[in-house]
Amino acid sequence: MLLPHSPERRHRHPGRLRVPARAALAGIMYVLRTGVAWRDVPAEVVGCSGVTAWRRLRDWTEAAEGVWPRLHSALLTELRRADSLDLDDCAVDSSHVRAQRGDHVGPSPVDRARPGSKHHLVVDRHGTPLAVTLTSGNRHDVTQLMPLLDAIPSIRGLRGRPRHKPRRLYADRGYDFDKYRRLLRQRGIKPLIARRGVAHGSGLGKVRWVVERAFAWLHQFKRLRIRYERRADLHQGLLELACSIICLRRLQAAF
């Protein structure tokens, strides 16, 4: 996997050779997949120490415009070019994860008020992650709906204007607020949100289930099942890297 425009520091009086970007990325992905502590990364296997991998994760996350969002956007563009992206029907949902101390951590209402965070995800009709955000565990899902849609990048790949919003948005009862239905309609998005107090069987689940499968894909990366990073931006970077890997797998399957 190539990192687009990854920043590289230059030193006037260099000492040891800088660890190659591919080796640093391999270290980051090793932690993402296995969930091990940074200090336990086997340097002889991945080609760099865990400390170096963490520092490179920090540098790439803090880079101007962020390396991870640009990587994710580039892969979404390739998916749209390959006609493997359906932006007409999208689905949104959130998932709780336990967390340690840090930014965007709060008492989880579904885990006995233990410290936790939330992953908010919007996917296309096939379950491809379009955007992911991180909040504290006590934030209501619906309050993050508009910021999540704002996080969808402008996706090119076909002739015409880039796409950055769905035509129809599916969501569960946690998003059942008329205020947000109006906000979606103002953006030209048709809200298809389950009503509270109505029996199951509306048929929305036939489309909305893909977001739950996308969370299963996302949480196959063990580092994301429990939030260990105290810095919210670093955990967000790992989330975006995981979304990029999922997009890359779908892109490879398209050929």
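A charge sits over a ring if NZ of Lys or CZ of Arg is within 6 Å of the ring centre and within 35 degrees of the ring normal.

**Close-up 1. R196 sits over the ring of F177.** This is a predicted model. R196 lies over the face of F177, at 4.6 Å from the ring centre.

**Close-up 2. D176 and R181 form a buried salt bridge.** Their closest N and O atoms are 2.6 Å apart. D176 has a relative accessible area of 7%. R181 has 4%. Salt bridges with shared partners join D176, D178, R181, R195 and R196 into one network.

**Close-up 3. R81 pairs with E78 in helix 4.** Their side chains meet in a salt bridge of 2.6 Å, N to O. The two are three residues apart in helix 4 (residues 67-81), so about one helical turn separates them. R81 is partly exposed, at 47% relative accessibility. E78 is also partly exposed, at 35%.

**Close-up 4. R187 and D150 meet in a salt bridge.** The N to O distance is 2.8 Å. The pair links distant parts of the chain, 37 residues apart. R187 lies in the loop between helix 6 (178-186) and strand 6 (190-193), and D150 in helix 5 (residues 145-150). R187 is partly exposed, with 29% relative accessibility.

**Close-up 5. W60 and W68 form an edge-to-face aromatic pair.** The count comes to one such pair. The rings lie 5.8 Å centre to centre, with 85° between the planes. Both W60 and W68 are buried.

**Close-up 6. The second largest pocket has a volume of about 170 Å³.** Its lining includes W38, W54, R223, Y228 and E229. The lining residues divide into five nonpolar, no polar and five charged.

Terms used. Residues numbered from 1 in each chain as written. Predicted model: local features only at pLDDT ≥ 70, side-chain atom pairs only at ≥ 80, totals over all residues. Heavy atoms only, no water. 1 Å grid on protein atoms, 1.4 Å probe; cavity = no way out; pocket = protein on both sides within 12 Å on 5 of 7 lines; lining within 4 Å. Points joined across faces, edges and corners; volume = space filled by probe spheres on them. Nonpolar A, V, L, I, M, F, W, Y, C, P; charged D, E, K, R; others polar. Phe/Tyr/Trp six-rings, centres within 6.5 Å; stacked < 30°, edge-to-face > 60°. Buried < 20%, exposed > 50% of the residue type's maximum accessible area, 1.4 Å probe, protein only. Salt bridge = Lys/Arg side-chain N within 4 Å of Asp/Glu carboxyl O. Helix = DSSP H or I, 4+ residues; strand = E, 2+ residues; numbered from the N terminus.
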